[in-house]
Amino acid sequence: MANKSLGLSSELHEYLLSVSLKEADVLQQLRQETAQHPQQMMQVTPDEGQFLGFLVRLLGVRKALEIGVFTGYSSLSVALALPDDGQLIACDVSEEFTAIARRYWEKANVSHKIDLRIAPALDTLDTLLAEGAAGTFDFVFIDADKLNYWNYFERSIQLVRSGGVIAVDNVLWSGQVIEPSNHEPSTEAIRTFNQKLYQDNRVTVCMLPVSDGITLAMKH
Ligand code: CA
């Protein structure tokens with residue numbers, strides 16, 4: 001949703017980027033192409049992409065899962081940070097959006113790390129569980145339709161290993177989570193998700209006001 005971190009003035013956000021953001025050329029090109037897209041607000045912000053790549057390196061991720069690809073900025077950020085034999089299973093329903101993503105994965109020479117599954121993500125996650133992939137993922141990024149956030153989380157917590165991290169995007173929803181008159185289904189779904197996760201003793205949670213709000217949940 002937001003194109004900058006919540007609550008920071010434009011000037012302070014510009015400063016933050018000027019002393020921290022190092023965006024690969026291929027990511028910058030993808031961001032510029034996606035900026036022309038009518039749904040461009042679905043793209044993660046560059047500082048968020050850099051944060052995801054940082055987490056992948058910090059955690060030594062070898063096997064990652066992404067739920068919601070869009071034009072591939074976050075998957076490219078993750079794939080660039082993975083080791084050469086690392087794997088990212090990327091879930092999306094759109095051939096159209098992911099065609100852009102695939103073009104940039106090729107350009108960045110990371111296609112061999114990415115296994116794109118075009119299907120409803122819940123089906124892909126259930127297939128992975130049926131194939132015995134429970135406990136094998138180091139990292140999950142959830143950034144798809146908000147109504148299914150809890151369903152994605154319930155599958156992800158099974159798929160991730162102990163000590164692995166599930167990152168969830170848009171948890172502050174441009175501030176709409178505290179707007180009492182907003183009863184949009186997506187807003188309500190995010191409120192419910194945040195409350196349930198707060199009470200979930202299977203994970204340790206940290207909520208960061210990066211971009212549109214990111215929650216990190218580490219599985220016990
Ligand atoms: Ca998002």
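Mentor: We shall look at a group of strands and then at a loop residue. This is a predicted model, in which local features need pLDDT of at least 70, side-chain atom pairs count only at pLDDT 80 or more, and totals for chains, interfaces and linings use all residues. Residues are numbered from 1 along each chain as its sequence is written, and side-chain values use heavy atoms, with hydrogens and water left out.

Trainee: Which strands pair with S7?

Mentor: Strands (E, at least two residues) and helices (H or I, at least four) are DSSP runs numbered from the N terminus, and two strands pair if DSSP finds at least two bridges between them. Here S5 (residues 160-169) runs antiparallel to S7 and is joined to it by five bridges, while S6 (residues 203-208) pairs with S7, also antiparallel, over six bridges. Ala217 of S7 is the bridge partner of Ile166 and of Val205.

Trainee: What lies between S6 and S7?

Mentor: The two strands form a hairpin with five residues between them, and Ser211 in the turn has a positive phi of about 55 degrees.

Trainee: Is S7 mostly covered or mostly open?

Mentor: Buried means under 20% relative accessible area, exposed over 50%, and partly exposed in between (1.4 Å probe, protein chains only). S7 (residues 214-219) is mostly covered, with five of its six residues buried.

Trainee: Where is Gln176 placed, and which residues does it contact?

Mentor: Gln176 sits in the loop between S5 and helix H8 (185-198), and is partly exposed, at 26% relative accessible area. Leaving aside neighbours within four places in sequence, Gln176 is in contact (heavy atoms within 4.5 Å) with Asn182, Thr187 and Arg191.
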